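Here's a quick briefing on a few local features worth a look. Have the sequence and the structure open as you read.

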Amino acid sequence: MSECAFPGFTIKGKKIHWTDKALASFKHRIKELTGRSWGVSMEYRLRKLGQYLRGWTAYFGISQYYRPVPELDEWIRRRMRMCYWKRWRWPHTKIKNLLALGVSLKSAIQHGCSSNSYWQMSRTPVINQAVSNAWLQEQGLLSVKDLWCKAQGYTEKKKRGKASSSEPTC
């Protein structure tokens, strides 16, 4: 018996993985929680997102499938940048907020007046600099990677060179 199924999981050999359906369901729920048209405060959005991420990793954290975790983290942060960009709405508000977050005047005007989509803008280096990972964490965004590492029992970051290639560096 090489593969066994359990609600949301498959067991392949000696490893536990979440199913593709469970991952698709996770992504769908994250899209709902980070949807641009959901007219709630960012505090409420981040609180609901945090509740969902904690619950999801409490159940699926036993999975030993690490590969998609960093990409999920990056994707969620990009979705949150998109939400902030949409929330700022008007060019003068975007420029004002970019300046407050340390972007140069020229870059702030250039990006604040851009007609690119919210999703495209969430990937630009200027937006990534302004709405940085550290800033998002200060606002209350949880990291799937940190939650997964905690569920796996990793308590501190491994030093480079000492971690094996199969273990994630948390």
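Ser-122 is buried, with a relative accessible area of 1% (buried means under 20%, using a 1.4 Å probe and protein chains only). Bear in mind that this is a predicted model, where local features need pLDDT of at least 70, side-chain atom pairs count only at pLDDT 80 or more, and totals for chains, interfaces and linings use all residues. Residues are numbered from 1 along each chain as its sequence is written, and side-chain values use heavy atoms, leaving out hydrogens and water.

**Around Ser-122**
- Ser-122 sits in the loop between helix 6 (118-121) and helix 7 (125-130); helices are DSSP runs of H or I with at least four residues, strands are E runs of at least two, and both are numbered from the N terminus.
- A polar atom of the Ser-122 side chain is 2.7 Å from the backbone oxygen of Trp-119.
- Beyond its neighbours within four places in sequence, Ser-122 touches Arg-78, Arg-81, Met-82, Ile-127 and Asn-128 (contact means heavy atoms within 4.5 Å).

**Helix 4 against helix 5**
- The axes of helix 4 (residues 91-100) and helix 5 (residues 105-112) come within 8 Å and cross at roughly 145°, with axes fitted to C-alpha atoms over the stretch in contact and angles running from 0 to 180 degrees between N-to-C directions.
- Helix 4 brings Pro-91, Lys-94, Ile-95, Leu-98 and Leu-99 to the contact, and helix 5 brings Leu-105, Ala-108, Ile-109, His-111 and Gly-112.

**The hairpin**
- Strand 2 (residues 9-12) and strand 3 (residues 15-18) run antiparallel, joined by four bridges; strands pair if DSSP finds at least two bridges between them.
- Phe-9 has Trp-18 in strand 3 as its bridge partner.
- Two residues lie between the strands, and Gly-13 takes a positive phi near 65°.

Note on methods
Buried means under 20% relative accessible area, exposed over 50%, partly exposed in between (1.4 Å probe, protein chains only). A polar contact is a pair of N or O atoms within 3.5 Å; within protein, one must be able to donate a hydrogen and the other to accept it, and residues adjacent in sequence count only if both atoms are side-chain atoms.
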